[in-house]
Amino acid sequence: MDDAQEIRRRRTFAIISHPDAGKTTLTEKFLLYGGAINLAGSVKGKATARHAVSDWMEIEKERGISVTSSVLQFAYRGYCINILDTPGHQDFSEDTYRTLMAADSAVMVIDASKGVEAQTRKLFKVCVMRKIPIFTFINKLDRDARDTFELLDEIEKELGIATCPVNWPIGCGKAFQGVYDREKKCILTYEDTQKGTKEGESREIPIKEEGQAVSAIGREPLSLLQEEIALLDGASAPFDLEEVRKGELTPVFFGSALTNFGVEIFLQYFLEMATPPLPRKADVGLIDPVEREFSAFVFKIQANMNRAHRDRVAFMRICSGRFDAGAEVRHVQGNKVMRLSQPQQIMASERKVVEEAYAGDIIGVFDPGIFSIGDTVCMPKEQFSYEGIPTFAPEHFARVQQIDTMKRKAFVKGITQIAQEGAIQIFQELSAGMEEIIVGVVGVLQFEVLKYRLENEYNVEIRLENLPYEHIRWIENKEIDLDALTGTSDMKKVKDMKGNPLLLFVNAWSVGMTVDRNQGLILSEFGRD
Ligand code: G4P
């Protein structure tokens, strides 16, 4: 297989969902089809997943959760699939957002009994900003679910994306009978698969074969299905692959990850509809993944919490060409030609040294402290930079107080370095220096990580005083007169590390009010250089 074929068979995506919607279960089933595991659950069962990469950070071991995200790679029907794990639960952090910068598409898993939930909403915004295709899998149909039309309506209204059901559920909970495939005009019957440990023997029945359809699902469910299909055909957006690829229309699938129903159908449609790695924007124009030689950008830096080995790993998304472990590359921002040290693929269960990798793949390399998030690596003869990664809005804020003020220098060094790695963001009062620091984080666990790391790596103790702010906005039009800006009484004016002005608010209402009161003010949820 040549390099172009290797690149074109790659599909790199992230799964976004609210905790407990079924992301892990769905991933397990994908791996089952990919032959990466024999029995669902044997590799990425929750218990093993938890221990898989956790030697990275002591804090993970202490709390039994995985802060690190990983990449799973497997082959299926000639495709090479990279699934980027987005950490959920309270270990949700900026890294979760940044992972989406490395994906070419996203799979959104929604619990059919709950609909759109908070975390999905947040991650969805990043997908929209990037205009990447989003595929929806509505899960847990083997349990009681909300009305299907209502669920689709919610996705459209809450997320602002048109939906196009590729299949349609027949009943739910105990009465779940399968799905109707709109393209094939067939009923796919649901069989219990002993909790999904084996593939179900689903039957495919053309809906026009009424006799067969009635004996498969019953007369009443069939009439209801026919009614719903008629309604759907009249009401839903027509399927348009171009719109899917622009991120304006989401194909919707229904199933049950736990019992392994609808998963393979979903995977097959997804692989056909999703794109291979696409050209990416750089300061010299678009970089084609196939035509150009190796290039990559850093989207995540993982500091090792182990005091004995203060190494860091930089995660890179390869954007073009083939990566050869022995070859020299240029680190553009550091203006240095070098070999990437210890390149590895980070899998859930292991870290494997890689000799070669292709556009679409993710590699982790040893970082002696030279890489920053957003940096570009390319061939020595080239010199270009990929578009930067935005700063995502933190949602929790605290004032940092140093306990031993004698250690000022170590404190400033430590907190600045940790902020540079991208684990936290630091802000200051407009007129103040480093004496008054406000820390902002996307997930509250990052506060603990900060405290832990300052103590262990810099020998500095801090106290964190929680602040009530929940919303942060960057001021897009920097020419605006900050002193003249009038906001609500809860608003606070601060600046970030690069000196950009920002506003902090306690509630969303104040954000709207401030925009109303200041003509021409443009606020953004994402910070850019
Ligand atoms: P997450 O990664 O999105 O957080 O969700 P995860 O897959 O861990 O699933 C959360 C819970 O929902 C798990 O149950 C899982 O078994 C269940 N689940 C996932 N998909 C389905 C489905 O299609 N149908 C039904 N009925 N349940 C589903 P748990 O009891 O919390 O964990 P476990 O003990 O089963 O691991």
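**A walk through the model and its ligand**

Let's start with confidence: among the elements of this protein, helix α3 (residues 46-52) has the lowest mean pLDDT, 37, while strand β5 (residues 134-139) has the highest, 98. pLDDT is the predictor's confidence in each residue, from 0 to 100, and helices (H or I, at least four residues) and strands (E, at least two) are DSSP runs numbered from the N terminus. Over residues 38-69 the pLDDT is below 50, yet beyond near neighbours in sequence this stretch has 78 contacts in the model (heavy atoms within 4.5 Å). The protein as a whole averages 86, with 87% of its residues scoring at least 70.

So what are you looking at? This is a predicted model, where local features need pLDDT of at least 70, side-chain atom pairs count only at 80 or more, and totals for chains, interfaces and linings use all residues. Residues are numbered from 1 along each chain as its sequence is written, and side-chain values use heavy atoms, leaving out hydrogens and water.

Zoom in on oxygen atoms of the ligand: a polar side-chain atom of Thr 24 sits 2.4 Å from one, and for Thr 25 the distance is 2.5 Å. Ser 256 has a polar side-chain atom 3.2 Å from a ligand oxygen. Taken alone, the ligand exposes 700 Å², and the protein buries 70% of that (Shrake-Rupley method, 1.4 Å probe).

Note on methods. Polar contact = N/O pair within 3.5 Å; in protein donor to acceptor, adjacent residues only side chain to side chain.
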